Amino acid sequence: MITNRLQRGMTLIELTVAMAIGLFLIGGALYVYAQSKNTYRASDSLARLQESARFAMDALEPDIRLARYWGLNSEPARIIRPLAVVVRCAGADVSDFALRTPPTVPPAVEAQDDTYNVPCPSFNNTPRAGSDVLILRHAEPWKGGNRPAPDGNRLQVQTTLAQGQLFKDVNLPLGPVAITNSTNDVAVNAYYVSNESSFDPALPSLRRLGLGADGNFRDEEIIPGVENLQVQLGVDTDDDGDVDRYVDGDHALLDPAAAGFDPDGQVIAVRLWLLVGTPADDPAWVDEQSYTTPDADLGELVGGSANY
C-alpha cells in the first residue's frame with residue numbers, strides 16, 4: 001500500500017490561531033447584536049415615552065379648549081345653578097366643589113398647586129405628592145349635531161344669548177326647545193396623578209375624575225406612566241386678550257379671599273408640564289436626572305426676554 005507522505009494535518013499552533021480568529025469574529029458578532037438589541041430597546045422605550053406623553057396631551061387639549069364654553073352663552077356669571085341641582089361623589093354631596101354655591105357658577109379653569117384637595121377620593125386613595133390637579137368645567141358640544149334630550153340624571157345646561165341655567169330634570173328650565181336656545185350636557189373634569197395604575201400598583205398614572213351619565217363623579221385612568229403634572233394658568237389682567245402673567249393655581253391673583261385678588265383678571269391660557277417614565281422593570285431607558293418643579297411664578301412677561 002502506497003501512502004502520500006506529503007499529506008499532513010494542521011499543527012496545534014495553526015488550530016489555536018484559527019480558533020482565536022473564529023472566537024474573535026463570533027465575539028464581534030455577539031457584541032454588534034447586543035448593541036443593536038440595546039439600541040432597539042432604548043429607542044422603543046423612548047418611543048413609548050413620547051407616545052404616552054402625546055396620548056395624555058391629546059386627552060387634555062380638547063377639554064382645555066372647551067373650557068368656558070357654555071352653549072349659546074360664554075359668560076359663566078350669567079348661568080344660574082339652582083340649589084336643587086346636586087352633584088355627588090361616592091355618595092357625598094360635592095356640589096359646592098363642582099358647581100360652587102348657588103347662584104355662582106365656578107371658574108372654567110382651576111388648578112390646585114402641588115396638592116390633591118378634591119372632595120372625591122382618589123384612586124385607591126393614592127394621590128401623587130407634589131403633583132397639581134387641573135379642574136375644567138364646560139358644556140359638551142352636541143354629538144353628531146344632535147341636541148341632547150333632557151335627562152333627569154345627567155347634569156345639563158340650557159342657554160340663550162342672554163342667560164343660562166343648570167338643571168337635572170326632564171323639563172327644560174328656560175322653556176321648550178327653540179332655535180333661540182341650546183341644551184348641552186355639562187362636563188366637570190379633574191385631572192390628577194395617582195401613585196398607582198389599574199395595571200400595576202407600582203406604576204403611577206394620569207387619571208380623570210369626571211361627571212358620568214348618572215350625575216355622579218367617576219374615576220377613570222387616562223394613561224399609566226405619568227409621574228407628575230404641573231399646571232400654570234395664564235391670566236389676562238388688562239382685558240387685551242393677551243396673557244400678562246402665568247401663575248400657580250393658588251396665587252393670590254386668583255383667590256377672591258386674598259388681598260392681591262384681581263376681579264378683572266381672566267384665565268385665558270393653560271401651561272402644562274408632564275413627567276413621563278417607563279416601568280421600573282424596563283432598564284432600557286434610565287434617566288438619572290433630577291427635575292425641578294417648573295411652575296414658579298414668573299411675574300410679568302416681557303417680549304423677547306427669557307421668560308416670554
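A negative surface patch is formed by D238, D239, D240, D242 and D264, where Asp and Glu count as negative, Lys and Arg as positive, and His and the chain ends are not counted. The model is predicted, so local features need pLDDT of at least 70 and side-chain atom pairs count only at pLDDT 80 or more, while totals for chains, interfaces and linings use all residues. Residues are numbered from 1 along each chain as its sequence is written, and side-chain values use heavy atoms, with hydrogens and water left out.

**Surface patches**

- Patches consist of residues with over 30% relative accessible area and no salt bridge, with like charges joined within 9 Å and nonpolar side chains (Val, Leu, Ile, Met, Phe, Trp, Tyr) within 5 Å; a salt bridge is a side-chain nitrogen of Lys or Arg within 4 Å of a carboxyl oxygen of Asp or Glu.
- A nonpolar surface patch of about 560 Å² is made by I13, V17, I21, F24 and L25; I21 belongs to helix α1 (residues 12-66) and is partly exposed at 47% relative accessible area.

**Aromatic pairs**

- The whole structure holds 2 aromatic pairs, counted when ring centres of Phe, Tyr or Trp (its six-membered ring) lie within 6.5 Å, with planes under 30 degrees apart called stacked, over 60 edge-to-face and the rest tilted.
- The rings of F97 and F217 have centres 6.3 Å apart and planes at 50°, so this pair is tilted.
- Because F97 lies in helix α2 (residues 95-99) and F217 in strand β10 (residues 217-224), the pair ties together parts that are 120 residues apart in sequence; both F97 and F217 are buried.

Conventions: Areas by Shrake-Rupley, 256 points an atom, 1.4 Å probe, with all protein chains shown as cover. Helix = DSSP H or I, 4+ residues; strand = E, 2+ residues; numbered from the N terminus. Buried < 20%, exposed > 50% of the residue type's maximum accessible area, 1.4 Å probe, protein only. Charge placed at Lys NZ, Arg CZ, Asp CG, Glu CD.
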